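Reader: Please pick one part of this fold and give me a close look at it. I'd like the surroundings too, not just a label.

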Amino acid sequence: MTLDEVTAKFAENGATIAGKRIRFDFAGGGVLMLDGVTGVVSNQAGPADLAIAMNLADLKAIRDHTLDPMSAYFSGRIRLDGEMMLAMQLRALAETLGQ
């Protein structure tokens, strides 16, 4: 799964949270912004209510239910900065990627 594929899937499925901006910072793999203020999914960095640092493989594993987001956070595989309660919706967002 590439960043372009993830961006396209999130955009296709309208994977945003109304009124909130979530930025994924993928280790060496770029940025994904889910902008629930404008309804736009892009690869443009910017200010966010929640910034999530992780890698694309872990996002796929969360989608596939082979990695629990809470376990990933507590083991340091995911780092969060901002509104932590938004992170509780990470699995639901990942599931919009489909299989």
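Author: Let's start with helix α2 (residues 56–63), which lies across β1 and β4 (50–54) and runs at about 100° to β4. That angle is taken between N-to-C directions on a 0 to 180 degrees scale, with axes fitted to C-alpha atoms, for helices over the stretch in contact; contact means heavy atoms within 4.5 Å. Helices (H or I, at least four residues) and strands (E, at least two) are DSSP runs, numbered from the N terminus.

A quick word on what you're looking at: this is a predicted model, where local features need pLDDT of at least 70 and side-chain atom pairs count only at pLDDT 80 or more, while totals for chains, interfaces and linings use all residues. Residues are numbered from 1 along each chain as its sequence is written, and side-chain values use heavy atoms, leaving out hydrogens and water.

Leu50 is buried, with a relative accessible area of 0%; buried means under 20% with a 1.4 Å probe, counting protein chains only. What does Leu50 touch, leaving aside residues up to four places away in sequence? The list is Arg21, Ile22, Arg23, Leu80, Asp81, Gly82, Glu83, Leu86 and Ala87. For Arg23, 27 residues apart from Leu50 along the chain, the C-alpha atoms of the two are separated by 6.3 Å.

Stepping back, β4 belongs to an open sheet of five strands, ordered β3-β2-β1-β4-β5 with mixed pairing; strands pair if DSSP finds at least two bridges between them. β3 (40–42) and β5 (79–82) are at the edges with a single partner strand each, so one side of each has no neighbour in the sheet. Ignoring direction, neighbouring strands are turned by 10° against each other on average. Over by β3, three bridges join it antiparallel to β2 (residues 30–35), and Leu34 stands opposite Val41 in β3. Helix α1 (residues 3–12) lies across β1 (21–26), β2 and β3, at about 5° to β2.

Of its 13 lining residues, the closest to its centre are Pro69, Met70, Leu80, Ala87 and Met88. A pocket here is an open set of points on a 1 Å grid over the protein atoms alone where a 1.4 Å probe fits, with protein on both sides within 12 Å along at least five of seven lines; lining residues have an atom within 4 Å of a point. The largest share of the lining, four residues, comes from α3.

Technical notes. Buried < 20%, exposed > 50% of the residue type's maximum accessible area, 1.4 Å probe, protein only.
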